[in-house]
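This report describes the fold of a single protein chain for a reader who is new to structural analysis. Please keep the sequence and the three-dimensional view at hand while reading.

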Amino acid sequence: MSSFSGDETAPFFGFLGAAAALVFSCMGAAYGTAKSGVGVASMGVMRPELVMKSIVPVVMAGVLGIYGLIIAVIISTGINPKAKSYYLFDGYAHLSSGLACGLAGLSAGMAIGIVGDAGVSKQIVSASLAGDIQFLDVRNQSEPYLTIDAHRGSLAALAIHRHALIIASGSAKQIVKAFSLKGEQLSIIRYYPTFMAQRIGSVSCLTFHPYRVLLAIGAADACVSIYADDTYQTR
């Protein structure tokens, strides 16, 4: 029968290197896939014809996990103290190689995720007190490709929902309008002086919920109103 040959603690460091290569690489692949997936979803709404091109970061992020798997397999198959002597030098070498592959995959996955998410967000939205909202492309900032005459000389606040792709603009004339990124007016909230009707003051600030389609409106009359879409259910 073959007996153990080498240092008995050396396999611990070797298998630790294999685990580090696999775990950190998969973490990078998961992060890159998640962030790039958000970019693909946004691209499907704004530019459907470019969805196939935006899938490239997702594919590249998935490859990182395969790199970690390959290194982990190579390290684990090289650890067989009963067939070949395995010393601390070998364990440290496998640990360092696993950490190098895993941490490199983690950092590469983070970079891919950031680029995949930001690469599809090429729009800049700006507004002025004159009441117009302009949409610019970061690749061509010389002139806006879309201009909305939202409020005539009374725009006081602007808010953009990151995931729902909705823009809300508030006016000092007690009016709030919601637009899509294509410039279509989706809804309007205004002041109604009739009895028991909804009332808002002169709008001073707007903000969206980060994930839900909820709009908070702050007015100069010290009141804050929250509005939701028709499909929202109160809990």
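Which residues of the largest nonpolar core touch the most other members? In this predicted model, they are Val176, Val203, Leu206, Phe208, Leu215 and Ile217, in a core of 13 residues. Two or more residues of this core come from each of strand 4, strand 5, strand 6, strand 8 (203-208) and strand 9 (214-219). Strand 8 gives the largest share, 3 residues. In soluble globular proteins, nonpolar side chains tend to be buried together.

Apart from its neighbours within four places in sequence, leucine 215 is in contact with Ala168, Val176, Leu206, Thr207, Phe208, Ser225, Ile226 and Tyr227. There is also a second, separate core of 9 residues, and Ile133, Ala150, Leu155 and Ile167 are among them.

**The chain as a whole**

The chain contains 4 helices and 10 strands. Along the sequence, the elements follow the pattern α-α-α-α-β-β-β-β-β-β-β-β-β-β. Of the 235 residues in the chain, 34% are buried. The accessible surface amounts to about 13,800 Å², and carbon and sulfur atoms account for 64% of this surface. Among contacts between residues at least 6 apart in sequence, 50% join residues at least 24 apart.

Strand 1 (residues 123-127) pairs with strand 2 in the antiparallel sense, over 5 bridges. Within this pair, serine 126 stands opposite glutamine 134 of strand 2. The hairpin of strand 1 and strand 2 has 4 residues between the strands, and glycine 131 takes a positive phi near 105° there.

Strand 2 also pairs with strand 3 in the antiparallel sense, here over 4 bridges. Phenylalanine 135 has leucine 146 of strand 3 as its bridge partner. Why is strand 2 (residues 132-137) described as largely enclosed by the rest of the structure? The reason is that 5 of the 6 residues of strand 2 are buried.

An open sheet is formed by 4 strands in the order 4-5-6-7, with antiparallel pairing. From one strand to the next, the twist averages 15°.

Inside this sheet, strand 5 (residues 166-171) and strand 6 (residues 175-180) pair in the antiparallel sense over 6 bridges. Serine 171 has isoleucine 175 of strand 6 as its bridge partner. The loop between strand 5 and strand 6 holds glutamine 174. Glutamine 174 has a positive phi of about 65° although it is not a glycine. Most residues other than glycine have a negative phi. Glutamine 174 is partly exposed, with a relative accessible area of 26%.

**Histidine 151**

Histidine 151 lies in the loop between strand 3 (146-149) and strand 4. Is histidine 151 buried or exposed? Its relative accessibility is 4%, so histidine 151 counts as buried. The side chains of histidine 151 and serine 169 are joined by a polar contact of 2.9 Å. Leaving aside neighbours within four places in sequence, histidine 151 is in contact with Ala130, Gly131, Asp132, Ser169, Gly170, Ser171, Ile175 and Lys177. Among these contacts of histidine 151 is glycine 131, the hairpin residue with the positive phi.

Strand 8 and strand 9 run antiparallel and are joined by 5 bridges. Threonine 207 has alanine 216 of strand 9 as its bridge partner.

The table below lists strand pairs with their bridges.

| Strand pair | Sense | Bridges |
|---|---|---|
| Strand 1 and strand 2 | antiparallel | 5 bridges |
| Strand 2 and strand 3 | antiparallel | 4 bridges |
| Strand 5 and strand 6 | antiparallel | 6 bridges |
| Strand 8 and strand 9 | antiparallel | 5 bridges |

Key:
Residues numbered from 1 in each chain as written. Predicted model: local features only at pLDDT ≥ 70, side-chain atom pairs only at ≥ 80, totals over all residues. Heavy atoms only, no water. Pairing = 2+ DSSP bridges. Axes fitted to C-alpha atoms, helices over the stretch in contact; angles between N-to-C directions. Buried < 20%, exposed > 50% of the residue type's maximum accessible area, 1.4 Å probe, protein only. Polar contact = N/O pair within 3.5 Å; in protein donor to acceptor, adjacent residues only side chain to side chain. Contact = heavy atoms within 4.5 Å. Areas by Shrake-Rupley, 256 points an atom, 1.4 Å probe, with all protein chains shown as cover. Core = buried A, V, L, I, M, F, W, Y, C linked by side-chain atoms within 4.5 Å.
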